[in-house]
Amino acid sequence: MGLERGLDHGLRQGRERAAIVLEDGATFRGWTFAGTGEVAGEVVFTTSMVGYQETITDPSYKGQILLFTYPLIGNYGIIPGDEESMGIQAAAVLVREYTPHHSNWAADKSLAALLEEHGVIGVEGLDTRALTRHLRDRGAMRGVISTLDSDTLSLKQKATAHPSMVGLDLASTSSQLTEPTLLPAYGEETCRVAALDYGVKSSIYRELRSRGASVLAMPGSTSAEDILAENPDGLFLSNGPGDPAALESAVETLRSVLGEVPTFGICLGHQLLGLALGCETYKMPFGHHGANHPVRNLESGKIEITSQNHGFAVREEDLPNGIRMTHRNLYDGTVEGLHSDEKRAWSVQYHPESSPGPRDSGYLFDEFVEAISEKATV
Amino acid sequence: MPRRNDISTILIIGSGPIVIGQAAEFDYSGTQACRALREEGYRVVLVNSNPATIMTDPEVADATYIEPLTVETVTEIIRRERPEAVLPTLGGQTALNLAIELHESGTLDEYDVELLGASVESINKAEDRQLFSDAMNRIGMKTPESRTVKHPDEAEELADRIGFPLIIRPSFTLGGKGGAVADDHAGLRTSVIEGLDASPVGSVLVEKSVAGWKEFELEVMRDLDDNVVVICSIENIDPMGVHTGDSITVAPAQTLSDRQYQTLRSASLRIIREIGVQTGGSNIQFAVDPGSDDFYVIEMNPRVSRSSALASKATGFPIAKIAAKLAIGYALDEISNDITQATPASFEPALDYIVTKIPRFAFEKFPAATPRLTTRMHSVGEVMAIGRTFTESLLKALSSLELDMADVLPILDEPNPYRIFAVFDALRAGMDIPEIHDRTKIDPFFLASMARIVAAEDSLSADFDHEELNEAKKMGLSDEAIGQATGRSTEVIRGVRQALGIRPTFKSVDTCAGEFPAQTPYYYSTYETEDEVERGDNRSVVVLGSGPNRIGQGIEFDYACVHASYALTESGYDAVMVNSNPETVSTDYDTSTRLYFEPLSAEHVLEVLHREKAEGVILQFGGQSPLKLASELQASGVNILGTSPDAIDLAEDRSRFGRLLTELGIPHPSFGTAINPEEARETARSLGFPVVVRPSYVLGGRRMEIVYNESDLDLYLRSNADTSPSHPTLIDKFMEDYIEIDVDAVCDGQDVYIGGIMEHVEEAGVHSGDSSCVLPPITIHRALLERIEEYTRRLAIGVGVRGLMNVQFVVRGDTVMVIECNPRASRTVPFVSKATGVPLAKLATRVLMGEKLRDIRPGRAPSGHFSVKAPVFPFDRFADVDPLLGPEMRSTGEAMGVDRSFGGAFARALTAAGQTLPDAGRVYISVSNREKRAVVLIARAFADLGFELAASEGTAEVLKNNGLAVAVVPKIGELDEDVLSLIEEGGVDLILNTPWGRGARTDGYLIRRKALLHGVPCITTLAAAAAAVQGIESRIRGNTGGVNALQSLYASSP
Ligand SMILES: Nc1ncnc2c1ncn2[C@@H]1O[C@H](COP(=O)(O)OP(=O)(O)O)[C@@H](O)[C@H]1O
Ligand SMILES: Nc1ncnc2c1ncn2[C@@H]1O[C@H](COP(=O)(O)OP(=O)(O)O)[C@@H](O)[C@H]1O
Ligand SMILES: [Mg+2]
Ligand SMILES: [Mg+2]
């Protein structure tokens, strides 16, 4: 017990050993710094070096076990107003070392405290880089974290028993919305946006509202009729978790509203727009999760450093006629943006609202709000 | 945009001699730039006066000019080489300022040479503090309230308005040169005057102090398509008020939330666009309020910097190389990321480790200066360490420092070189974090992390188990620290640890936190489960670098290590580099087959050797640091290539060495050792004064003095009281008025190759590192030279040298004596290699790997020209220090001058070292009585050259009696027209002042300080004065060749 007072690694009171086992049997061991018990989910890594608070509260991570490649997490605590949704979306958090002594004037509690409040497990002390390389080489996998069971075999079975991401509808259940809610513009209103919430990040609404758009937030399941009944100037399709292909009814809805109202989508919203326009989506090996991916805007030629978080993507091969690819990821060439002139609909796969990440892409909100404000003034 | 084809020849300007604030990092960036541009097929012309650099190796550029960095010479080079463009953003402030001068002198227009990287406008906008803060305010960025002043009175007005303390920041300077903090009106005046002198444009910014705020730096890159990326963020542990170069810094930023960080990032993008740096890297500094989201922009450096070198090593993103490619038209996305090879350079590196940089200081060499850290940079080098946690990276960095704890005196309350140790002490003493934060303003995040280290140490039980030990290693505690904490020896801990199979894993630096496979073998150690080293089955040899630059062990040794590495790969081995210095070429990931960025401690070196299963290790190129490890490594069964530890000891142990010399029949100054003051007096008496005294086993002439009589000896003994049986004092007969000679040689066990014989300009008594020297010798006749070579051979064989050795002789009449022998690469290896065209370190490496000199047959040196090495000193940065030469080394770097006459070469070298000799004007002479006779000849020579003579009373009298016209200048304080005011008014163009009398604040001291302050060349030995005469003469009589490219010098050799 010699190190108890000294080292924050697991041996301290209240900390329990935790086992992390992937569906392929790969096993890692650490200690909890928050929560206890057992949880399963797809394990994904994010390379973003700051923004753990925004990330764990981002609904797109719903049900996923979140691995931070940056090794020190918790440094600046939890800052009121920096969350992306109520509560914690990630199923669990894996870090190399948790910082119990956060330091930032704006912080009001520690990361561990927040996780504890929501009963989310946080584990530290494992070789997170080894796990990252494992996922990079073999692809994203389901895994189980447990403080109750340390037996690799049984945990491996639990991991495989967990539903795979492919075909999984997480979006319908992630909207924290039951009926439409109006969020007024900050300052003078220049246009009205109907937003379909599949698990939206609150910073997206902030971006729209700060540009004079009032936002009518609607559940992702809202019907075409109900959307059009509101006669919005523009329609926004939010980000969200899970496999877009599993959301047939949402795609159906879009098919019938597209063309009626200018539409802009982000992340899952982009994938759904793609499906509605007749594109295909597919599951990527380990997805894009980070804040440093270069994306070229094919229209302007400019490069943006983008915030990314998605495990599925729109297939570039045989895009339907009239559908233009507007942005390309310079790491792996994947589709980052789509545009349909005919339907006056466009979208990006990445996150122009950043949070976390560079703010190179705010112009997309300007363009959207401008486009629909013009219409509004007609 | 693709590569530009309208350009074929590009001139790159280097940064000149190593000075505080501008060091090896510019060799690293310059070398990368040269390589990158040649890869692209351009013809590269390089000018840099610093011979101790890889960039000035003849292979690195197409035409290499080791010439002074002045408008005059560079114009001459441009006239001859006709480059279409010049790249000034990789040679530090020196190159940037020279580019501006070349523009203002009209040279650039005349030969229509284009400035690449940064336009004159943007350089001015960034470097002129006023233009900069105007620009910032234009884009709505805050800078501290300030005012640009060209006269002290203007500063007073600001002081009256906003009060003290105030920060003084000269324009167009770096390393905080001429910068200061003023706490009252008196301080303000002097500081502003100093600042105005320091600024090449005579303008300083006086500014409200935000000392204590958090300081951050961002490294930004921009291409011609206006794409901008941030390569790295750096957080200073020492807050505002301590120069970033003197601060302990961490990458990436640790205590900013995403919102706070992105605010700085977005600001950086707007700043680089507003300033208009077209392409390349820039460094932007911010001050951030610890209690709110307020922040100020402090400055932007529109060029690669010390910090960008650090950022490159910290991230694996080669900023200088990319900057060079951007400068010739490529866009970021058109350049591939070497490390992944799959992805473009248009991205922002993601780290999955923490990097800590700690500066290395040299205050112990300047006892007169107070070791206090301010806005003016004082550090002479730095170490960097990589760890997976902050504690691990901090502790590794501390081990890398190689500090002699005897020099360490920690103070908590004011910023000083050893405050970090004071913080540890305070924590051990139980002081709480809020109080320490109060007194240091260091962010609690760092303090609390340090508290965990302290807690870990004292909670380690003597009967620790496997898991505790593993956790302790994970935290970063060294075997030594664990030993101290548990009352065991380091060896025992290491034994137990290895027996328990607790060994480090090596992880790679890959720019992308593991998202893509890394192709580049750049590793660091940590205690985790997965090891990533991809070691083929080729035989590997480990080269130990020289650690942090320090006075006495600088870039010269890195140069030798890099050559060793090149030679190894050329002979088909895997070259493995271990070093902890982020400034250097040796820690560039493409210098060696594999790079381990690790402390040069036995523990870390042994683990690398273990992981590498290396054939052996090479110690002799990294200076004293690796040599210190020799016996410990051998004891652990490591195969040491080259001179054996016992042979090393034979050369370093005075009494063993003395006996050897007698056996070999080689004369040496008589000497003795004393274990107490009484014995010391005895020995001195029997040797006869003057004598040289020093503690045993010292380096760089540490605490070495020449004493002329018994009272001085007592004084010395009292100030160095630790004389004892374990620390004997060495006493040598001081060989007065002897010429000193340096020899570098290579020995393979049978044959000895004499690399070069250097004759010092200053007489023995001035440390070899601090005296100018010339190759070949100019006053030693053939017979003596042959004897010197013969002694060198005998010594090499006698000591048992394998590889490089350096011998120092003193010579007078026809006596030749040996004063010391260093069985390793010396400071002069690069100088000799450049002067002769024979790469000594490569030669030595091949010998170490078993080749024979007689098979290699190194070429012969070209004749027909003289090469002079001149040192540069950091005196201007250390207030109150007397700029005098002595047996203790204090220079930070050197410049080289080459010409067909000694005088010409000496003049060039001095110019390059910033001591430009005047062609006409007034010489002020004031020498000690011992030298009054000898000075007559010199004075006459100056008169013959048309100089006006002025002198102090005594000296003037002697000169008059010898029929020389000389003006008498009143003693200091006598009249208001004294010599000091004369210097101030610029009434003196050259000063010859040799020291007399002891103690501080003599007139001589005041004169030398004043000269230093006003940049008047000041010569302090007659020998150097005589050489200066030759220098001026050869210039006036035009007895000098033009500029010379090394390549043509070597070609012209027989
Ligand atoms: N207004 C200020 N208040 C307190 N410290 C300052 C202020 N301005 C600069 N400094 C300190 O002085 C150091 C050197 O200033 P800087 O402008 O960066 O000089 P240099 O160009 O030589 O690097 C900075 O690193 C910072 O710590
Ligand atoms: N016996 C001596 N007589 C005259 N000068 C000496 C003598 N011993 C040393 N020196 C001077 O002191 C300098 C430093 O001595 P050295 O032994 O080289 O110390 P280090 O090993 O630190 O370089 C030499 O370069 C030389 O100029
Ligand atoms: Mg600067
Ligand atoms: Mg600076």
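Guide: A backbone N or O atom of Val766(B) is 2.9 Å from an oxygen atom of ligand 2. This is a polar contact, a pair of N or O atoms within 3.5 Å. The model is predicted: local features need pLDDT of at least 70 and side-chain atom pairs pLDDT 80 or more, while totals for chains, interfaces and linings use all residues. Residues are numbered from 1 along each chain as its sequence is written, chains are lettered from A and ligands numbered from 1 in the order written, and side-chain values use heavy atoms, without hydrogens and water.

Visitor: Which side chains have an N or O atom 2.8 Å from an oxygen atom of ligand 2?

Guide: Those of His767(B) and Glu820(B). The protein covers 97% of the 550 Å² of accessible area that ligand 2 has on its own; such areas come from the Shrake-Rupley method with a 1.4 Å probe.

Visitor: Which residues come nearest to ligand 2?

Guide: A residue counts as near if one of its heavy atoms lies within 4 Å. Of the 21 around ligand 2, Gly701(B), Glu740(B), His767(B), Gln808(B) and Glu820(B) come nearest.

Visitor: What does ligand 1 contact through its nitrogen atoms?

Guide: One nitrogen atom of ligand 1 is 2.9 Å from a polar backbone atom of Lys208(B), and a backbone N or O atom of Val210(B) lies 2.8 Å from a nitrogen atom of ligand 1. The side chain of Arg169(B) has an N or O atom 2.8 Å from an oxygen atom of ligand 1. Taken alone, ligand 1 exposes 550 Å², of which the protein buries 97%.

How values were computed: A polar contact is a pair of N or O atoms within 3.5 Å; within protein, one must be able to donate a hydrogen and the other to accept it, and residues adjacent in sequence count only if both atoms are side-chain atoms.
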